[in-house]
Amino acid sequence: MAPSQQEVDALKASFSTNGQGHVFQFWDSLSQEQRDTLVKQLSDIDVVRVNNIYETATGPNTPSTSSAVKPLPDAAFDSVIGDANAGKVKEWEQTGMKLIGEGKVAVILLAGGQGTRLGSSEPKGCYDINLPSHKTLFQMQAERIIRMQKLAEKYANGKEVVIPWYVMTSGPTRAATEAFFKSKNYFGLRTENIFFFNQGVLPAFGTDGKILMESKFAPAVAPDGNGGIYAALLREGVIADLERRGTPYVHAYCVDNCLVKVADPVFIGYCVSKNAECGAKVVPKTHAEEPVGVICQRNGRYAVVEYSEIDPSIAAQKDPKTGALVYNAANIVNHFYTTDFLRRIKSFESQLEYHIARKKIPHVDVTTGQTIKPTSPNGIKLELFIFDVFPFTDRFAVLEVQRKEEFSPLKNATGADSPQTSRADILAQCARFVEAAGGKIQVKDGEEKVVEVSPLVSYGGEGLEALKGKTVKSPAVIASEADLRQLE
């Protein structure tokens with residue numbers, strides 16, 4: 001439905017009052033369809049908010065990245081690696097399973113990216129890493145939710161266990177993601193428990209703080225970074241839905257990690273036991289020079305500090321007691337939140353530090369109407385990172401996990417962090433599951449060890465007791481409990 005004249009006038013007044021009235025420069029020459037397009041896009045922009053974001057990001061008070069850093073305090077850090085915390089891990093898992101069984105845990109998936117670097121225009125979650133089953137990332141994660149719901153049934157007092165799945169997409173991936181889920185019958189999950197929502201966008205700015213126009217009837221916009229999730233959760237009704245369901249705890253993760261433990265009860269139980277309002281999983285760095293952000297403290301607050309921001313001599317420091325790196329907590333974008341904290345973010349959003357990317361941005365000259373294709377950076381795009389809220393939490397908890405069990409990102413077409421490494425890491429984990437259960441894997445000379453265990457059969461190695469003393473002939477797919485019973 002076309003906007004009313006009153007709505008158009010109010011929108012014009014809002015942008016004009018806030019110094020962005022030029023976005024209507026070509027209004028009189030636009031067709032009705034073009035006017036409707038412009039109004040629709042501008043209606044999605046909170047001009048006061050975006051002006052504040054620009055001013056904060058470009059203002060003189062932006063914190064220096066060279067500020068002193070300190071390691072995480074012992075009280076905010078624990079590890080599942082080794083046997084030292086074995087008893088605690090069992091307690092955390094029991095706590096998490098009970099909460100899941102009571103319907104108090106939801107999952108948020110960051111799935112806005114396309115597989116461009118993998119040679120695919122589809123959403124990255126649709127990617128097939130060439131497992132024997134040819135399951136996509138989306139399917140593996142959905143099946144882990146299904147399995148966890150089943151495992152938590154004994155804590156549910158006879159009620160159905162539901163782990164709501166909130167899937168954040170982007171403009172370019174929304175339709176394709178929904179269509180893919182539908183074509184796969186939502187992987188066996190109930191549609192009312194899957195909630196799709198869009199990542200936000202922000203306008204691009206000229207160096208003078210004016211919103212750039214991509215055309216005479218459309219502002220230039222770009223995704224607002226994975227940290228845009230927080231505004232999107234409120235804007236798109238996710239927080240309201242969590243509150244309606246009475247779900248106080250959330251696990252959030254990125255789609256490209258094939259090893260992710262979705263709704264991990266150990267992580268959830270750990271963070272709740274620490275009374276954390278926000279938490280993060282980390283893995284140990286492979287070496288001091290690994291180009292990853294680390295979670296530590298900066299200016300007395302929790303933060304992710306990028307590799308480029310830490311002096312090499314500091315990055316190389318080791319704990320004399322353990323020999324491990326002092327700054328060893330590599331960020332893997334795997335987080336815990338309370339729903340209350342997610343709602344509270346609105347109260348400090350104006351203080352969040354958006355990051356500036358200076359870009360060559362094609363735009364329309366609002367004086368001449370000509371399209372300008374710059375040869376050097378002429379404007380800025382602003383984005384927020386998901387970890388930019390860490391400094392605003394008072395109760396933060398960090399859990400270290402094993403990389404080989406929980407982190408294998410899919411970033412590149414070949415080499416490191418590629419489909420080949422993702423496939424290898426999944427198959428290696430499945431082999432460990434089989435062998436830990438007492439099974440043997442028979443491999444022909446010169447061939448690859450290929451055994452795939454469906455997440456529907458085992459979430460983390462449990463449920464494979466029937467394999468004890470049995471032989472699995474590679475290649476094999478254990479897709480169901482019936483497959484377990486049929487083994488020799």
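A residue is called buried when its relative accessible area is under 20%, and because Ala263 has a relative accessibility of 0%, it counts as buried. The model you are looking at is predicted, and the positions below should be read with that in mind.

Start with Ala263 itself, in the loop between β11 (249-254) and α9 (265-273), where phi is near 55 degrees, a positive value in a residue other than glycine. Then select Asn275, in the loop between α9 and β12, whose phi is likewise positive and near 55 degrees. Most residues other than glycine have a negative phi, and most peptide bonds are trans.

**Strand β12 and its partners**

Next select residues 278-284, strand β12, where six of the seven residues are buried, so the strand is largely enclosed by the rest of the structure. One partner is strand β15 (residues 329-338), which pairs with β12 in the antiparallel sense over six bridges, and here Pro284 stands opposite Ala329. Another is strand β20 (residues 396-400), which pairs with β12 in the parallel sense over five bridges, with Ala397 as the bridge partner of Gly279.

Now select Phe390, whose contacts, apart from neighbours within four places in sequence, are Cys278, Ala280, Ile295, Tyr302, Ala303, Val304, His335 and Phe396. Phe390 is one of the residues with the most contacts inside the largest nonpolar core, which has 65 residues; Phe15, Ile108 and Leu382 are also among them. The element that gives the most to this core is helix α3 (residues 47-58), with five residues. Apart from this core lies another, of 49 residues, including Ile100, Ile145, Ala156 and Phe196.

Which helix holds Ile145? Ile145 is found in helix α5 (residues 137-151), and it is buried, with a relative accessible area of 0%. Leaving aside neighbours within four places in sequence, Ile145 is in contact with Ile163, Trp165, Leu189 and Val262. If you also display Tyr459, which is 314 residues away along the chain, you will find its C-alpha atom separated from that of Ile145 by 8.8 Å.

**Helix α6**

Move on to residues 174-183, helix α6, where the buried residues are Thr177, Phe180 and Phe181. They cover an arc of only 100 degrees around the axis, which puts them on the same side of α6. The exposed residues Ala175, Lys182 and Ser183 are on the other side of the helix. The buried residues pack against α5, β4 (165-169) and β5 (194-198), and α6 is followed by Asn185, with a positive phi near 55 degrees.

**An open sheet and a helix upon it**

Finally, select the three strands of the open, antiparallel sheet, in the order β7-β19-β16. β7 (205-206) and β16 (355-359) stand at the edges, each with a single partner strand, so one side of each is left without a neighbour in the sheet. β16 pairs with β19 (residues 379-383) in the antiparallel sense over five bridges, and Lys359 stands opposite Gly379. Helix α3 packs on this sheet, touching β7, β16 and β19, and its direction makes about 100 degrees with that of β19.

Note on methods
Residues numbered from 1 in each chain as written. Predicted model: local features only at pLDDT ≥ 70, side-chain atom pairs only at ≥ 80, totals over all residues. Heavy atoms only, no water. Helix = DSSP H or I, 4+ residues; strand = E, 2+ residues; numbered from the N terminus. Buried < 20%, exposed > 50% of the residue type's maximum accessible area, 1.4 Å probe, protein only. Contact = heavy atoms within 4.5 Å. Arc of directions from axis to C-beta. Core = buried A, V, L, I, M, F, W, Y, C linked by side-chain atoms within 4.5 Å. Pairing = 2+ DSSP bridges. Axes fitted to C-alpha atoms, helices over the stretch in contact; angles between N-to-C directions.
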